[in-house]
Amino acid sequence: MTSEKGLLIVLSGPSGVGKGTVRKAIFDHPDTDFKYSISMTTRQMREGEVDGIDYFFKTREEFELLIDQDKFIEYAEYVGNYYGTPVEYVEQTMADGHDVFLEIEVEGAKQVREKFPDALFIFLAPPNLTQLEERLVNRGTDSPDIIRHRIDEAKRELKLMNLYDYVVVNDDVDAARQRVQCIVEASHMRRARVESKLRMLLEVNN
Ligand SMILES: Nc1ncnc2c1ncn2[C@@H]1O[C@H](COP(=O)(O)OP(=O)(O)OP(=O)(O)O)[C@@H](O)[C@H]1O
Ligand SMILES: Nc1nc2c(ncn2[C@@H]2O[C@H](COP(=O)(O)O)[C@@H](O)[C@H]2O)c(=O)[nH]1
């Protein structure tokens with residue numbers, strides 16, 4: 001990495017598209033050296049989830065206090081629960097020179113874009129809506145009502161994919177993992193080129 005500050009990588013997309021699955025494949029891969037920002041949420045813990053690993057689970061009161069204290073770089077209310085990205089971890093980790101990876105929904109990504117215009121925004125898209133619904137049903141974590149709500153949200157979110165730097169279709173987990181890693185690598189190369197050009201220009205002007 002040539003930049004002192006790490007890159008902020010935002011992976012977003014509708015619920016059930018496979019963001020968590022692709023993220024796990026990325027972090028299980030030996031080439032990956034970025035850090036994952038664990039979000040806070042007020043939703044109920046699912047079977048198998050661990051506090052502090054999957055999320056930091058908070059009550060609504062705790063979360064709202066953190067909002068008042070400006071402790072999030074972004075937060076959103078999604079299908080009845082709050083989700084947010086803790087500011088301290090992200091800023092400190094990037095300042096230490098590490099890339100930070102966020103896996104968040106679309107409204108939160110919009111807020112990150114306003115605060116971090118240099119971040120890299122990747123939209124993970126499903127091959128189609130039928131497969132998206134099948135994935136949510138097969139995952140078996142949500143009631144039919146919640147799945148309907150998430151699909152309604154997905155229809156709205158899919159219309160916003162053109163606001164992203166890249167769209168990756170998750171037709172296959174390993175292929176999607178490779179595409180995301182490639183996009184991050186290309187982004188680093190581009191940053192390095194721009195920085196070296198800038199250095200040259202500054203030398204010429206001095
Ligand atoms: N490429 C794929 N092909 C088939 N199934 C997939 C693929 N990617 C993920 N899945 C499955 O789809 C389901 C949803 O995946 P996952 O939980 O990773 O989605 P998500 O986008 O993180 O959802 P949420 O936003 O609700 O957390 C899981 O059961 C997962 O195993
Ligand atoms: N805006 C944010 N969205 C987040 C964050 N962490 C997770 N998420 C997204 O919420 C939905 C629902 O998640 P689930 O675990 O209940 O299925 C999903 O799209 C997540 O990516 C966050 O910090 N901010």
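**Reading the two ligand sites**

Modeller: Let's start with ligand 2: the residues of its shell divide into five nonpolar, four polar and eight charged. Here Ala, Val, Leu, Ile, Met, Phe, Trp, Tyr, Cys and Pro count as nonpolar, Asp, Glu, Lys and Arg as charged, and the others, Gly among them, as polar. This is a predicted model, where local features need pLDDT of at least 70, side-chain atom pairs count only at pLDDT 80 or more, and totals for chains, interfaces and linings use all residues. Residues are numbered from 1 along each chain as its sequence is written, chains are lettered from A and ligands numbered from 1 in the order in which they are written, and side-chain values use heavy atoms, with hydrogens and water left out.

Biologist: Which residues are the closest to ligand 2?

Modeller: A residue is near a molecule if one of its heavy atoms lies within 4 Å of it. For ligand 2, 17 residues surround it, and Ser39, Arg43, Tyr55, Tyr83 and Glu105 are the closest.

Biologist: And how do I read polar contacts there?

Modeller: With a ligand, look for a pair of N or O atoms within 3.5 Å. The side chain of Tyr55 has an N or O atom 2.6 Å from an oxygen atom of ligand 2. For Lys19, a polar side-chain atom lies 3.2 Å from an oxygen of ligand 2, while Gly84 uses a backbone N or O atom, at 3.0 Å.

Biologist: How much of ligand 2 does the protein cover?

Modeller: Accessible area comes from the Shrake-Rupley method with a 1.4 Å probe. On its own ligand 2 has 510 Å² of accessible area, and the protein covers 96% of it.

Biologist: Now ligand 1: which residues come nearest?

Modeller: Of the 16 residues around ligand 1, the nearest are Ser15, Lys19, Gly20, Thr21 and Arg139. A polar side-chain atom of Thr21 lies 2.5 Å from an oxygen atom of ligand 1, and a backbone N or O atom of Gly18 is 3.0 Å from an oxygen of ligand 1. Taken alone, ligand 1 exposes 640 Å², of which the protein buries 73%.

Biologist: Which helix gives the most to the shell around ligand 1?

Modeller: Helices are DSSP runs of H or I, at least four residues, and strands are runs of E, at least two, numbered from the N terminus. Helix 1 gives the most to that shell, three residues.

Notes. A polar contact is a pair of N or O atoms within 3.5 Å; within protein, one must be able to donate a hydrogen and the other to accept it, and residues adjacent in sequence count only if both atoms are side-chain atoms.
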